[in-house]
Amino acid sequence: MSEVEVFDSGVELRANVGVNISEKSAVIWNIADMLRGLYKPHEYGNVIIPMTVIKRFNDCLKPTREAVWKKYEEVKHFEVKDGFLKSASGYQFYNVSKFDFNTLLADPNNIEENFRSYLAGFSDNVQDILENFKFDVEIKTLADSGKLFYVIQEFNTQKADMSPDKITSVDMGYIFEDLIKRFSESYNEEAGAHFTSRDIIYTMVDLLVESEKVSLINDGVVKTVYDMAMGTSQMLGCMDERLTQFDEDAEVTSFGQEINPQTFAIAKADALIRGEDADNMRKGDTLADDKFSGYTFDFVISNPPFGIDWKSSKPAVEKEAKTGDKGRFGMGLPPVSDGQMLFTLNGLKKLKDTGRMCIVHNGSPLFTGDAGSGPSEIRRYILENDWLDAIVQLGTDMFYNTGITTYLWVLDKDKPSYRAGKVQLIDASNCYEKRRKSIGSKRNDITDKARELIINTYLEFENKEYQEGDLRTESKIFDTIDFGYNKIVIESPEKDEKGKIVLKKGKPVADSSLRDTENVPLTEDVDSYFEREVRPFNPDAWIDKSKTKVGYEIPFTRYFYKYVAPEKSEVIAERILEVEKELMASLRALFEKEGEKSE
């Protein structure tokens, strides 16, 4: 397994970072204790999460505060001054206020007025973040109750120090993730709606980049990455991290869209802290309001919502679908009850001609929809363009908010020649280790060893089973055409009361009550199939070829099904007999005990 050099998974990385993430987030979250009575537990995050972002900004700007004040005095009357102030701060944001957390605490009697003045001193991109947190309402609530001073005081303790020399950007991403999880759990909300665990993300990242590792290292990394449902942008951060490991001078530009205001605010804050262009983080409904129309990217990585309807996006989606190839959705529309395949189409539209995508789905995109339906047509569009590279089935209980089986789809618009016309299916449902303690529905982790086995299974591209200890995977290679079929309509005549075939203009009249259909693999001739499978049992039947439709499905479970013979009847009978003996012995003991009591 030495040819794959995996980097720390979400499990191991937590143990290796320079700060204890759980401890730091617990310190921050415990500040919520002073909110008791004023806020309900599920509302604590409305204060704690934006205050964490503000304090992180405050601590990042400490070293350059005086330089910014000096520069501001020089340029404050300039029409355009943003560039000067960003340069002075060393970040893509700044604060020109004379206040910071220390000076705010020096004047408790004017804490609300001064705090608002402090926040107003931030650059416009930070103002947008604060607006999306809707934090103005919380400031008034805290001030009116006399708690604003004490919250700021607690955030200014040494334990809550968030200076970049104490907490790296990667660590800060973990802290945001942990705080949101705590917030979601207190609200009884599905935490997984906001983020995906790191072990899954790193598996997705390596599926995208490992096959290009040599060229990325030799040629240098200049790549763009897009996440269409970015949550707090942790997938983008992990892609940046991995590509920078290949090339320390990597130029990775991240783009993301998110509909939830709070998680969007965190994503934008994270981008600012990492020195990226925060304008590349955009808020809105990806399906109905595409903020990156006309853009294409090298990589797309995403975990869009599944099992959630797209009713609110329906008018805009249907309008765009009517534009055909000019839009994203002209190939077909899935049922309004589940829009995940629309995200796949969006991602494909956003891929460069050499681009690769990894996206999380549940099982429905594999097979839902009959021939000619929206889902089948979407699969047809993907497969006939030869863009589906691989699908990896993960084990159950891998995500925070669902225990169902999930699949990683890898799509490639420029497959290498040895993969052309082929699709690799990988069963990795037995490639995980159980957690000692579950988090929501997440009971299993893809550890480094598990991920290494999955990635090697993918890279070797063979029909083969693999095993490392208790970890198992299996790979099967198919021709793209193997997933296609012709759905043919079989007609039979309606016969009169005497059993004679009814004719019209010399041709048999079809009896709709006897109509049947057959799915014939695209690899097989329809007429040959009919003569072999139908004609011997219904000699008067015929195919109505005007009604033939092409369909595609990927029956993943069927391909990996392994027959297990049932127990022999005598073994079952023997086991039943043993149970009966144990039951009778227990009853006798009970009767004897009751008899002793009555004496």
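Visitor: Is Phe-297 buried or exposed?
Guide: Phe-297 is buried, because its relative accessibility is 1%. Buried means under 20% relative accessible area, exposed means over 50%, and partly exposed lies in between, for a 1.4 Å probe and protein chains only. This is a predicted model, in which local features need pLDDT of at least 70, side-chain atom pairs count only at pLDDT 80 or more, and totals for chains, interfaces and linings use all residues. Residues are numbered from 1 along each chain as its sequence is written, and side-chain values use heavy atoms, with hydrogens and water left out.

Visitor: How many aromatic pairs are there in the whole structure?
Guide: A search of the whole structure gives 25 aromatic pairs. Rings of Phe, Tyr and Trp (its six-membered ring) pair if their centres lie within 6.5 Å; planes under 30 degrees apart are stacked, over 60 edge-to-face, and the rest tilted.

Visitor: Why is the pair of Phe-292 and Phe-297 edge-to-face?
Guide: The planes of Phe-292 and Phe-297 stand at 75°, with ring centres 6.1 Å apart, so the pair is edge-to-face. Phe-292 is also buried, at 0% relative accessibility.

Visitor: And what do Tyr-381 and Trp-387 form?
Guide: Tyr-381 and Trp-387 form an edge-to-face aromatic pair, 5.3 Å centre to centre with 85° between the planes. Tyr-381 is partly exposed at 24% relative accessibility, whereas Trp-387 is buried with a relative accessible area of 13%.

Visitor: Changing topic, which ring does the charged end of Arg-419 sit over?
Guide: The charged end of Arg-419 sits over the ring of Tyr-458, 4.2 Å from its centre. The criterion is NZ of Lys or CZ of Arg within 6 Å of the ring centre and within 35 degrees of the ring normal.
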